[in-house]
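Here are a few exercises to work through with the model open beside you. Try each task before reading its solution.

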Amino acid sequence: LKLLLAQAARRPPPGCRESPEAMAFLSRLAVLCLALGCCHEAQAKVQRSTLRLGRGARQTAEWQYVGKFGYAVGQGTYEARLREAVPGSLPPGTALELEIYMDEEWPQVETVTEVCRKKDLAKRTREMNIGQVAGDWGQIAKGSIAQNVRPHVWYFAISDCGGNLLNGTYGLDVEMEFKQDGGSHFSVELQWAPSANLLTLVGCSFFLLSFCRRSRVFFIRTGSLHPVIWTLGCVVVFQYVAQCLHTGHLAIYRSDGQGSRAMEVLSEVFFVLCQVTQTSLLVTIALGYTLLKAQLGDLQIVLPICGLVALVHVVLVVLDKAQCEASHRFTDHDGSTGWIFFGLRLALYAWFHWASNRTASQGGLRLQAFIGKFRIAASMYFLAYPGTFLVMQLFAPYLREPVMETGLMAAQVASNVWLASLFLDRGAYFQASSLSASPLPGRGSPVFFKQD
């Protein structure tokens, strides 16, 4: 980020050719992004979990869901192994069963109340054993899954319906590895992620550099940068940091099959902060800031409300990431978290719509015409999440992640480009808003829409 800002500061005057240093920097940036996006896929997806299984006086758990993986067309593989969470509590080599279900049967599996009858719906089973030495992993259970028509999601569960755990419930560590045909460790719903992330990161890098350059030109012309430009700059930086963290997570994921949990969580946090900051900026402008008044004034009450909304979003992201693997979750927006986000975005849109109508009623025809265009463009951003969230439900589970992420990223990028043009170009909004005000002598004050 420091390198980007340093290169932006060395922009030549208008009309001059680009510096060789800037072009060399962009070339190095592209090579770095390409290296992160194309590094070697070393291992399969690795999933580790701890579960309790057995029959006790107070609890009976003969069957437990372990994980899932979406296999593309071809022949994929899986490996699984067990060990005791508390060494020495079970006889060496205790046997359990790994049950494997296809997505077409899984809804029916979840409706079966007698857990040991679920096995009747399993496509295949494998015997698994804990280690012969207390605390050691047991022998690896291996298998392959071939499919020729379309991708399918396969579900894995462990059961003790054979009755080997009779004296209580026991903690078991389970480790599973999954590979696609060809060695890729990405589940079918995530196979698009490396190339899409690479394209997005390169695009965000060029946009950030362009935004810094245009902001510098704006500063030279007006003598200052308006708070709305600084706020949009924060949005752009938040998105860029989120994308960089996600790139780092994917790079680590390629090497160990697990990725960095901290980088993944921070990436999501920065992305929701980017979205909430952008929606707050749009609401503030809709309330009349820069259009009817040059200072926030009584609109300062908006800031703590937006801060509270941002806090709620961050807490939801952290709580969502803290949840364990679930059979029904294919995206970060499944379940109650997605519906809460859905409700929050609709509430923010209702606030924006009310505010824009109120501001339009206080101005003349020019203000009303501008607010009309502003409302249409902003509405597309506000409704991007609710619309994409509803459309996502129409797709197969393994297609929901790319649909959701593509929709949200496209809306964010389009909104950034639109607002950058709105704030940094000397158009009608610039001429009639407080962005045209300057602290330099002789530059004058803005002529607000309300004066027409």
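**Exercise 1.** Does K119 count as buried, partly exposed or exposed, and what is its relative accessibility?

Before you start: this is a predicted model, where local features need pLDDT of at least 70, side-chain atom pairs count only at pLDDT 80 or more, and totals for chains, interfaces and linings use all residues. Residues are numbered from 1 along each chain as its sequence is written, and side-chain values use heavy atoms, with hydrogens and water left out.

*Solution.* 
- Step 1: Buried is under 20% relative accessible area, exposed is over 50%, and partly exposed is in between (1.4 Å probe, protein chains only).
- Step 2: K119 has 33% relative accessibility, so K119 counts as partly exposed.

**Exercise 2.** Find the salt-bridge partner of K119 and say where the two residues sit.

*Solution.* 
- Step 1: a salt bridge here is a side-chain nitrogen of Lys or Arg within 4 Å of a carboxyl oxygen of Asp or Glu.
- Step 2: K119 pairs with E97, at 2.9 Å from N to O.
- Step 3: K119 is in the loop between α3 (106–111) and β6 (124–129), while E97 is in strand β5 (residues 95–102), so this pair links distant parts of the chain, 22 residues apart. Helices (H or I, at least four residues) and strands (E, at least two) are DSSP runs, numbered from the N terminus.
- Step 4: E97 is partly exposed too, at 23%.

**Exercise 3.** Work out what the salt bridge of E175 ties together.

*Solution.* 
- Step 1: the partner is R48, with the closest N and O atoms 2.5 Å apart.
- Step 2: E175 lies in strand β9 (residues 168–179) and R48 in strand β1 (residues 45–55), so the bridge ties together parts 127 residues apart in sequence.
- Step 3: E175 is buried, with 6% relative accessibility.
- Step 4: The structure holds nine salt bridges.

**Exercise 4.** Describe the salt bridge between R117 and D120, then the exposure of each residue.

*Solution.* 
- Step 1: their side chains meet at 3.1 Å, N to O.
- Step 2: R117 is partly exposed at 47%, whereas D120 is exposed at 55%.
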